Amino acid sequence: MQASLSLPALSPAVPRPSYVVQSALPLPPSKPINLRFCGLRREALGFSPLGRSDSHRVRLSAPSRSATISASSSSGNGSPPKSFDYDLLIIGAGVGGHGAALHAVEKGLKTAIVEGDVVGGTCVNRGCVPSKALLAVSGRIRELQNEHHLKALGLQVSAAGYDRQGVADHANNLATKIRNSLTNSMNSLGVDILTGVGTILGPQKVQIGSSDKVVTAKDIIIATGSVPFVPKGIEVDGKTVITSDHALKLEFVPEWIAIVGSGYIGLEFSDVYTALGSEVTFIEALDQLMPGFDPEIGKLAQRVLINPRKIDYQTGVFASKITPAKDGKPVTIELIDAKTKEPKDTLEVDAALIATGRAPFTQGLGLENIDVATQRGFIPVDERMRVIDANGKLVPHLFCIGDANGKMMLAHAASAQGISVVEQVTGRDHVLNHLSIPAACFTHPEISMVGLTEPQAREKAEKEGFEVSIAKTSFKANTKALAENEGEGLAKLIYRPDNGEILGVHIFGLHAADLIHEASNAIALGTRIQDIKFAVHAHPTLSEVLDELFKSAKVAHVPSPVSEPVAV
Amino acid sequence: MAHLLNTSFIPSSQSLRRNATSSAPPLISGRRSRAQVQAKIREIFMPALSSTMTEGKIVSWVKSEGDKLSKGESVVVVESDKADMDVETFYDGYLASIMVEEGGVAAVGSAIALLAETEDEIAEAKAKAGSSSAAPAAPAAPEPLPEKIPDNVGPAVVPKAAATVAAVASTHPASEGGKRIVASPYAKKLAKDLKVDLGSVVGSGPLGRIVAKDVEAFAAQPTVAAAAETSVGKSATAVAAEAGIQLGSVVPFTTMQGAVSRNMLESLSVPTFRVGYTITTDELDALYKKIKSKGVTMTALLAKATALALVKHPVVNSGCRDGKSFTYNSSINIAVAVAIDGGLITPVLQDADKVDIYTLSRKWKELVDKARAKQLQPHEYNTGTFTVSNLGMFGVDRFDAILPPGTGAIMAVGSSQPTVVATKDGRIGRKNQMQVNVTADHRIIYGADLASFLQTLAKIIEDPKDLTF
């Protein structure tokens with residue numbers, strides 16, 4: 001903030017064309033100070049000069065389209081400098097695009113973000129954010145209805161109930177609030193929000209909406225995200241057969257709901273629905289519930305989150321046909337065996353939630369204009385998020401982050417990928433380590449994980465020839481957890497005993513989603529167990545679960561820089 | 001400071017740390033089996049998961065009997081004083097016999113299961129498990145836990161025989177004529193816990209789906225009336241209770257009694273009210289005397305009279321299942337409470353309004369015999385639409401019954417007693433009179449409904465000629 005105060009005085013000293021020159025050059029190592037002034041100057045001076053030049057540019061760019069294309073196609077082979085409307089154009093204002101935009105501004109790039117729907121994308125409007133509101137309610141009501149638990153704490157609560165509309169409003173209000181703050185943060189930083197569907201016309205050129213407004217940008221990031229995936233045979237009516245999009249509006253609480261898919265979306269909704277009084281049937285195509293979780297965590301989670309609740313399940317079956325409720329008939333679900341495809345069973349339920357994952361959303365993006373073919377719907381990218389075209393070649397100046405590339409379909413992963421891209425286009429090579437990105441499932445209690453699962457680690461170990469060790473600690477041994485009377489939980493560390501490398505950490509227990517970051521940061525920074533075990537944790541806190549976990553790992557003696565405490 | 005803060009924490013965590021790394025090794029040992037048996041039947045012992053652990057609770061068996069185990073696989077989850085731990089096997093083989101069931105507790109070092117090396121040895125291992133659990137050398141035998149009691153007691157009141165599903169009064173329309181059972185997830189869970197055969201439960205949920213309260217009602221039904229009446233009709237249960245009760249002991253509920261308890265609580269959610277009526281029975285008594293020789297019983301007469309009255313008042317024969325609607329039953333099935341040892345059951349006289357009194361009496365005799373022999377089929381005791389409870393034979397002159405969940409009304413019948421009454425012609429006379437008291441669900445049955453029903457019933461009983469047609 002201090003720096004920005006002194007800026008107006010400095011700004012005239014920075015020549016206006018500087019960013020044009022910079023962006024056209026094949027990116028020398030960034031000069032952070034200079035760039036920051038650039039970015040902040042724009043912010044401090046407001047929009048009026050830009051607004052004027054914008055319209056001017058648009059008119060100019062139209063006739064010179066062919067010239068632009070030829071110029072930019074040659075730009076892949078070391079092009080002559082030329083001018084663009086923006087340094088960075090991001091298509092899709094979800095969490096990924098937002099993260100990229102903020103970082104781009106920080107790096108001094110002139111940035112615009114294109115949004116064809118609402119700012120905030122899936123996460124804010126139809127995903128993580130409203131679902132957390134519902135889960136906050138479900139957690140509380142679960143607590144208030146757990147007589148045994150309350151009694152053990154000496155509490156007396158008379159019948160707890162809920163008002164469906166009130167709960168739904170809470171979720172909706174939260175989404176609105178987050179959406180507004182997201183929009184405001186971009187506005188205040190000077191990110192142009194262009195409304196309309198962004199269609200790539202050619203390299204470095206994007207059409208906004210159906211109008212003939214075309215903008216050019218030196219680099220383009222595709223961050224169009226995903227939509228709920230609905231397998232064929234399933235008819236979604238938005239009332240009784242729904243996806244997470246509809247479920248988050250909580251328009252009704254069915255007595256019996258079938259949830260197709262027992263991944264984290266299904267699991268979170270089962271937590272919400274059972275807390276609100278529904279009974280749930282899981283339909284899982286794989287042989288085991290909660291695929292994707294570490295098997296041990298999955299088993300414990302099943303024992304805590306599924307078995308004692310009003311939930312039953314069918315595994316190894318596909319829902320081949322789902323018909324919404326009509327004319328007094330219930331929702332009908334036809335199940336077939338996942339392997340033999342033989343008809344297996346028919347369920348009649350009050351509602352069905354399709355939580356079979358998410359499909360990338362690339363419609364109308366104009367990928368054909370740049371010869372990019374999607375793979376299973378995803379936009380192929382390399383490890384630096386650079387888009388790969390149908391011939392296996394990199395498309396210059398085009399990146400794709402988030403759900404649309406399918407590398408890791410998590411909001412914060414998209415954001416991290418976006419930041420990584422901005423780092424690259426501002427001249428600092430950066431490859432994101434996806435194994436350091438944590439994931440969380442906000443059930444009660446929560447599940448969180450980072451890195452490899454045990455089977456994945458063992459497979460890798462086999463291939464690369466190293467040992468894998470496992471350490472576990474229980475929440476039952478944690479003072480804070482016991483004080484909360486929430487001793488159910490497990491933290492599991494997968495590591496290399498030879499060098500102390502953390503391969504994966506999985507936590508199931510109270511506030512697991514908040515606890516994982518110590519592990520994910522360690523992985524991201526390459527901190528080894530023998531070092532992190534000396535870090536001090538406040539007592540009594542849940543974080544001590546991880547402290548115990550690191551301390552219980554047995555690492556062969558490796559000389560370590562902080563093994564001896566230094567007296568100060 | 002840090003040291004001070006940590007003192008309370010470290011000991012437990014240290015022991016836990018030890019668990020994590022050293023939990024399994026002492027677990028399965030061939031030591032004893034080598035000494036005793038030639039074949040490799042190994043015992044799986046309760047492991048010491050922490051230094052302070054003396055006994056462990058089996059949370060769940062990951063594998064079931066007969067499953068093939070390979071080294072390193074989790075077999076059982078054990079809850080120690082600190083944590084739940086998966087316990088792995090250190091040998092390949094077959095899980096031959098589980099000696100401590102889920103929920104059971106075993107001392108550290110005692111055998112909790114047997115592991116056979118080959119499939120052929122499973123039977124042998126099972127035999128061994130049988131003998132060793134009886135032997136004193138098996139401290140593993142768990143304390144009889146409450147959870148286990150239902151197994152031992154086996155309340156014969158609930159016949160576990162496979163139900164004739166076709167007889168279920170209302171089946172789910174999509175259940176292919178009753179072949180397929182449509183039950184909600186929680187209902188299924190409860191049925192498993194309460195050992196209820198879903199095939200014999202009548203569903204009251206949307207489209208006839210079986211929901212949790214149906215299962216609870218089913219599990220409790222035979223004893224609902226008993227529980228309802230214990231306050232007044234002690235004599236009924238006292239007979240059965242005299243034998244085998246140890247004074248000063250606390251006996252946990254059987255599964256059925258637990259269900260009764262829940263049902264009684266559930267009945268509190270139904271806004272009931274009561275209407276009483278005094279009915280002169282001189283004519284009925286005379287009729288009874290006349291046709292008694294033909295095998296007609298008073299119970300059948302009362303059931304018949306009630307059914308005929310219900311024909312004119314369908315609302316009293318209805319039920320309220322969801323708090324939002326009337327369920328008008330298509331047939332009039334009179335459930336009559338009968339005391340049998342250990343509880344009470346409510347055999348149902350189906351279509352009592354249509355069946356003639358002689359057939360009804362024969363049917364009743366058959367049902368009572370079956371009830372005594374504990375051979376009633378589910379549809380013979382859980383399809384009642386209106387319940388009659390008669391304690392008149394014990395000399396009870398009036399009492400109050402609790403409404404069985406799912407039905408609309410229950411009638412408590414007292415004894416018929418000679419009473420001095422003023423007759424219409426201004427004289428004082430002696431008439432036999434009995435008091436009936438109907439408890440009904442006021443959401444669907446209102447005071448006037450019951451009053452007119454009772455008036456009709458009184459007319460029928462006071463002029464009982466219709467009963468024999």
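In this predicted model, B:Lys363 forms a salt bridge with B:Glu366, their closest N and O atoms being 3.7 Å apart, where a salt bridge is a side-chain nitrogen of Lys or Arg within 4 Å of a carboxyl oxygen of Asp or Glu. Both residues lie in helix α12 (residues 357–372) of chain B, 3 residues apart, about one turn of the helix; helices (H or I, at least four residues) and strands (E, at least two) are DSSP runs numbered from the N terminus. B:Lys363 is partly exposed at 32% relative accessible area, and B:Glu366 is partly exposed at 38%, with buried meaning under 20%, exposed over 50% and partly exposed in between (1.4 Å probe, protein chains only).

Residues are numbered from 1 along each chain as its sequence is written, and chains are lettered from A in the order in which they are written. Local features need pLDDT of at least 70, side-chain atom pairs count only at pLDDT 80 or more, totals for chains use all residues, and side-chain values use heavy atoms, with hydrogens and water left out.

**Chain B overall**
- Chain B has 13 helices and 17 strands, and buried residues make up 50% of its 469 residues.
- Of the contacts (heavy atoms within 4.5 Å) in chain B between residues at least 6 apart in sequence, 64% join residues at least 24 apart.

**Salt bridges**
- Over all chains the structure holds 31 salt bridges, and one network of them links A:Asp294, A:Glu296, A:Glu454, A:Arg458, A:Lys472 and A:Lys492.
- A:Lys463 and A:Glu459 meet in a salt bridge (3.9 Å, N to O); because they are 4 residues apart in helix α16 (residues 454–464) of chain A, about one helical turn separates them.
- A:Arg496, which is buried at 16% relative accessible area, pairs in a salt bridge of 2.8 Å (N to O) with A:Asp498, which is partly exposed at 38%.

**A buried charge without a salt bridge**
- A:Glu115, in strand β2 (residues 111–115) of chain A, is buried yet has no salt bridge, the nearest side chain of opposite charge, A:Arg126, being 6.9 Å away; Lys and Arg count as positive and Asp and Glu as negative, while His and the chain ends are not counted.
- Beyond its neighbours within four places in sequence, A:Glu115 has contacts that include A:Gly92, A:Leu194 and A:Thr195.

**A buried loop residue**
- A:Leu276 lies in the loop between α13 (264–275) and β10 (279–284) of chain A and counts as buried at 6% relative accessibility.
- Its C-alpha atom is separated by 7.8 Å from that of A:Tyr162, 114 residues apart along the chain.
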